[in-house]
Amino acid sequence: MKRREFCTSSLAALAVTGFSSRARAAVPDELPVLSRTGRKLLLTRAEVGELKAGLRGSLLLRGDQGYEQARHIWNGAFDRHPAAIVRCANASDVAHAVQFVATHDLLVAVRGGGHSLPGHSVCDDGVMIDLAPMKGVQADPASKVARVEPGVLLGAMDRAAQAHGMIVPAGTVSHTGVAGLTLGGGFGRLARRFGLSIDSLIGADVVTADGRLVRADSEENADLYWALRGGGGNFGVVISFEFRMHPLAWEPVGGDLVYPFAQARSVLDAVAGYSEGASDDLWLDPVLECDARGTRQLRLTLCHCGEAPGVARDLAAIRKFGKPTLDTTGARPYVTLQSEHDDDSPHGRGYYMTGGLVQSMSPALIANAIDCIQRPGAELAKISITQHGGAIARVPSQATAFANRGASHNVVVRAAWDDPADAESRKAWQKETWKGFAPLSQAIYANLNLGDADPRTLSAYGPNLPRLMELKARYDAKNLFHLNPNIKPHALPVTGPPSPMRP
Ligand SMILES: Cc1cc2nc3c(=O)[nH]c(=O)nc-3n(C[C@H](O)[C@H](O)[C@H](O)COP(=O)(O)OP(=O)(O)OC[C@H]3O[C@@H](n4cnc5c(N)ncnc54)[C@H](O)[C@@H]3O)c2cc1C
C-alpha cells in the first residue's frame with residue numbers, strides 16, 4: 001500500500017471505529033482555553049472528550065502524568081502551560097488535532113524538536129500539538145532518500161544516513177529538531193558543500209489549516225513545496241519530510257582550536273581573510289565566549305569534508321592563525337563531530353538571542369564583537385560569526401522561500417543564565433551588544449531570532465514576502481498557524497523588507 005493511501009485509510013478507519021485513547025486525563029466539566037485571537041473560551045467535557053477519543057496518542061491536561069515533561073521546551077526562559085497537549089502518534093492524530101483547533105478557532109502551538117528560541121512551540125492556555133513522539137526515520141541507500149518524521153532530532157537523522165555512508169545537510173547540535181530547522185532553512189557544517197537542508201528537501205506531507213493531508217513536491221502543490229522551504233511553520237504541520245541524501249562515506253576533519261582572548265583580534269582577522277576564498281569543503285565557525293566565571297576566549301570550530309590534499313593545505317594555513325591552547329582537530333566520524341558541542345547548549349537554561357546575516361566579516365564587525373564580549377553581563381554568552389556562502393549562495397534567491405542566500409556569515413549574539421535573577425542583566429548585555437551589529441546586518445535568519453518580538457522578522461523573506469503572503473491566504477487564511485516568524489495572510493502594507501543579499 002502506498003504511503004498516502006495508508007494515511008487516507010487510517011483517517012477513514014478513525015472516522016468509523018475511533019481509536020481507544022491511552023490518555024490519563026480526567027476530563028473536566030469545562031476546560032478554559034484561549035482562542036486563536038486571545039479570547040477566553042470554555043471547552044465542554046464533550047468537546048474535550050471528542051478530541052481525546054480521536055487520538056491514537058494521548059491528550060495531556062494540567063495535572064496529568066507526563067504533562068510537565070511535555071510542556072517544557074529547550075529554552076528555559078519559557079515556562080508556559082498549554083490548556084491541552086496532544087501527543088501525536090501518527091498523521092491521523094495530527095489531522096484530528098488540527099481539525100479540532102480549526103473548528104474551535106483555538107490558539108495552537110506546534111512542537112517538533114522543541115528548540116524554538118522565541119518559545120513558539122509552546123503556548124499558555126492554547127493547544128500544543130506535540131510531534132515529539134513521531135520519531136520514525138528511514139534512510140534508503142538505493143534511492144538515496146531519507147524519510148523523516150517531525151519529532152526526529154538531528155542526531156537520529158545523521159545516524160540513519162551515516163549507516164549508509166550518506167548525510168542530509170542539517171544543523172550543528174544533534175539535539176535540535178529536524179522539523180523546525182528544515183522549515184526555516186537549515187544550515188550547518190556541510191551547508192557550504194551541499195546547501196541548506198531545504199535544498200535537499202524533495203517533498204513533504206503536510207496537514208494544512210483545514211485538516212487536509214496533502215503532498216507538497218515539485219509536481220503536487222508545487223507552490224506549497226516552494227513555501228515550505230524557508231517559510232517556517234506558516235503553511236501547515238509537516239508530518240513527513242523526504243530528503244535527498246549525499247555521499248559522505250569518509251571521516252571528515254573537524255574540531256576546535258581554542259585561543260586565549262589576547263589573540264582573538266588577530267585570529268578573527270585571519271579567519272576573515274581566509275574565509276573569502278575558501279573552498280566549499282571548509283566551514284569555519286569562530287565563537288567568542290565567556291564562561292560563568294568571566295573567562296573569555298575564542299573558539300574556532302571547523303569542519304572540512306574534502307580530500308586529503310585540500311584538508312592538509314587548509315589546516316596548515318589555519319594553524320598559522322595563532323597559537324591555540326587547545327587543538328582538537330582531526331578526522332572522526334561525522335556523527336561524532338555533530339554532537340561535540342551539544343553540551344554547550346543545555347536544555348532548560350534561559351537564553352535570549354538575536355542574529356543577523358552579513359555581507360562580510362568586516363573590521364567593524366570584529367571590533368564590536370571583541371569590545372562587547374568584554375563587557376559586564378557577558379557571563380555564559382557567545383558571539384558566533386558562522387560562515388555561509390558556497391552551495392547556499394548558488395541557489396537563486398527566489399527558487400525557494402528562503403531569500404537571503406548571499407550572506408557571507410551569520411552573526412548570533414546569545415545571552416544565557418542559569419539563575420533567573422541574572423536574566424535581566426544578561427538580556428541587557430545582549431541588547432546593547434546587538435545594537436552594534438544591527439547596522440551591519442541587512443536581514444535575519446528566521447530560525448535564529450526572537451520571532452515577532454524582533455521588528456526585522458519579515459526581512460527573512462526578502463522579496464519573496466508578497467508571494468508567501470498570497471500562499472498564506474490560500475493555505476491558512478485565518479492565520480491559525482501564527483506562532484512562528486509569522487507571514488500575514490493578507491496584503492498588509494509591509495514596510496520595506498530589504499532586497500535579498502545577492503551572492
Ligand atoms: C542549540 C541550538 C542549536 C541550533 N543550531 C542550528 C544550526 O546549526 N543551524 C540552523 O539552521 N539552526 C540552528 N538552530 C535553530 C533551529 O533551526 C531552530 O531553533 C528550529 O526552529 C528548531 O526546530 P525544532 O523542531 O527543534 O523546534 P520547535 O520549537 O519544535 O519548532 C520551531 C518552529 O517550527 C515550527 N514547527 C516545528 N515542527 C513543525 C512541523 N512539523 N510542521 C510545521 N511547523 C513546525 C514550530 O511551530 C515553531 O514555530 C539551533 C537552535 C538551537 C536551540
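Mentor: Val 206 is buried, its relative accessibility being 0%. The model discussed here is a predicted one.

Trainee: Which residues is Val 206 in contact with, leaving aside its neighbours within four places in sequence?

Mentor: Contact requires heavy atoms within 4.5 Å. With those neighbours left aside, the contacts of Val 206 include Arg 212, Leu 213, Val 214, Leu 224, Leu 228, Phe 235 and Ile 239. Val 206 and Ala 264, by comparison, are 58 residues apart in sequence, and their C-alpha atoms are 46 Å apart in space.

Trainee: What makes Arg 414 a buried residue?

Mentor: Its relative accessibility is 9% and the limit is under 20%, so Arg 414 counts as buried. Its place is in strand β21, which spans residues 409–417.

Trainee: Why is Arg 299 called buried?

Mentor: Arg 299 has 17% relative accessibility, and the criterion is under 20%, so the term applies. Arg 299 lies in strand β16, residues 296–304. A polar contact of 2.7 Å links its side chain with that of Asp 256. Among the other residues that Arg 299 touches, apart from those up to four places away in sequence, are Asp 285, Glu 289 and His 341.

Trainee: Is Ser 408 buried or exposed?

Mentor: The relative accessible area of Ser 408 is 19%, which is under 20%, so Ser 408 is buried. This residue is found in the loop between β20 and β21. A polar atom of its side chain lies 3.2 Å from the backbone oxygen of Gln 359. Leaving aside neighbours within four places in sequence, its contacts include Val 358, Met 361, Thr 386 and His 388.

Trainee: What is the phi of Asp 105, and what is that of Leu 380?

Mentor: Asp 105 has a positive phi of about 55° although it is not a glycine. Leu 380, also not a glycine, has a positive phi of about 70°. Asp 105 is in the loop between α4 and β5, while Leu 380 is in the loop between α12 and β20. Asp 105 has 17% relative accessibility, so it counts as buried; Leu 380 has 15%, so it counts as buried too.

Trainee: How do you know that the buried residues of α2 line one face of the helix?

Mentor: Those buried residues are Val 48, Leu 51 and Lys 52. Viewed down the axis of α2, they fall within an arc of 95°, so they line one face. Their cover includes β1, β2, β3, β4 and α4.

Trainee: Which residues are closest to the ligand, and how many surround it?

Mentor: The ligand is surrounded by 34 residues, the closest being Val 110, Gly 112, Ser 121, Phe 187 and Tyr 445. By class, the shell has 15 nonpolar, 18 polar and one charged. Helix α6 contributes four residues, the largest share.

Trainee: Which polar atoms of the protein lie by oxygen atoms of the ligand?

Mentor: A polar side-chain atom of Tyr 445 is 2.6 Å from a ligand oxygen. A polar backbone atom of His 115 is 2.9 Å from an oxygen atom of the ligand, and a backbone N or O atom of Thr 172 is also 2.9 Å from one. The protein covers 95% of the 950 Å² of accessible area that the ligand has on its own.

Notes. Residues are numbered from 1 along each chain as its sequence is written. This is a predicted model: local features need pLDDT of at least 70, side-chain atom pairs count only at pLDDT 80 or more; totals for chains, interfaces and linings use all residues. Side-chain values use heavy atoms; hydrogens and water are left out. A residue is near a molecule or strand if one of its heavy atoms lies within 4 Å of it. A polar contact is a pair of N or O atoms within 3.5 Å; within protein, one must be able to donate a hydrogen and the other to accept it, and residues adjacent in sequence count only if both atoms are side-chain atoms. Accessible areas come from the Shrake-Rupley method with a 1.4 Å probe; for residues, only the protein chains shown count as cover. Helices (H or I, at least four residues) and strands (E, at least two) are DSSP runs, numbered from the N terminus. Ala, Val, Leu, Ile, Met, Phe, Trp, Tyr, Cys and Pro count as nonpolar, Asp, Glu, Lys and Arg as charged, and the others, Gly among them, as polar. Buried means under 20% relative accessible area, exposed over 50%, partly exposed in between (1.4 Å probe, protein chains only). The arc is that of the directions from the helix axis to the C-beta atoms.
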